[in-house]
Amino acid sequence: MITQQHLASTNRANRDLYAREKVLNSAIIAADISSGWEAYLEIFDAFYADHVEVSDGTENGPVLGRERIRAILLRFLVPIHVMAEIGGLSVQIRESPILGDTADETHSAWSVELIGVSGRTCQISWCTLRHWADSRVVCEHHYDHQRTGGPLTFDDLRLHPSPASVSDQRPS
């Protein structure tokens with residue numbers, strides 16, 4: 001009887017964990033970078049512990065603490081927001097869960113496709129491993145980074161004033 005109760009409790013905890021993971025990932029996908037970066041920071045604040053540790057498999061080592069990671073996120077999100085809002089860059093985010101077998105741990109595969117106004121694309125993909133505690137992410141590790149397509153250039157963005165708008169600004 002104790003084993004059945006323990007299994008039922010474990011199953012409920014696993015369902016709660018996967019539900020939290022699904023809500024987090026859905027929020028990330030639903031946020032619109034062309035409208036602003038603030039929604040991503042709100043998601044980060046809502047789901048990540050103050051003492052979170054994030055790593056990407058490089059020799060730089062993990063980054064510790066929500067405030068340090070928040071600053072890195074801001075430096076990453078602001079340029080993408082500007083390119084999307086002003087430069088016409090289209091950003092498409094996708095996520096697929098990866099089944100795991102460890103309690104308090106989730107895995108997912110991510111891809112971000114950047115599509116320039118020229119039609120050129122660059123896709124970045126990676127996998128994420130998250131450890132959860134008390135409904136918060138306490139550790140996140142990014143691995144298996146891949147890029148398809150070359151980097152986008154200024155020619156892939158709409159950052160040049162149109163000839164009509166330039167001639168409209170000239171004095172008569």
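Predicted model: local features only at pLDDT ≥ 70, side-chain atom pairs only at ≥ 80, totals over all residues.
Residues are numbered from 1 along each chain as its sequence is written, and side-chain values use heavy atoms, leaving out hydrogens and water.

**Core**
- The largest nonpolar core has 26 residues, with Leu24, Tyr48 and Val52 making the most contacts inside it. Such a core is a set of buried Ala, Val, Leu, Ile, Met, Phe, Trp, Tyr and Cys residues joined through side-chain atoms within 4.5 Å; buried means under 20% relative accessible area, exposed over 50%, and partly exposed in between (1.4 Å probe, protein chains only).
- H2 gives this core its largest share, five residues.
- Beyond neighbours within four places in sequence, valine 52 is in contact (heavy atoms within 4.5 Å) with residues including Phe44, Ile69 and Val138.

**Helix H3**
- H3 (residues 66-85) has 20 residues and reaches 27 Å from first C-alpha to last, close to the 28 Å expected at 1.5 Å a residue. The expected span is 1.5 Å times one less than the number of residues.
- Its buried residues are Arg66, Ile69, Leu77, Ile80, His81 and Ala84, and they pack against helix H2 (38-47), strand S1 (48-55), strand S2 (63-64), strand S3 (90-98) and S6.

**Leucine 159**
- Leucine 159 lies in the loop between strand S6 (136-148) and helix H4 (163-169). Helices (H or I, at least four residues) and strands (E, at least two) are DSSP runs, numbered from the N terminus.
- Leucine 159 is partly exposed, at 36% relative accessible area.
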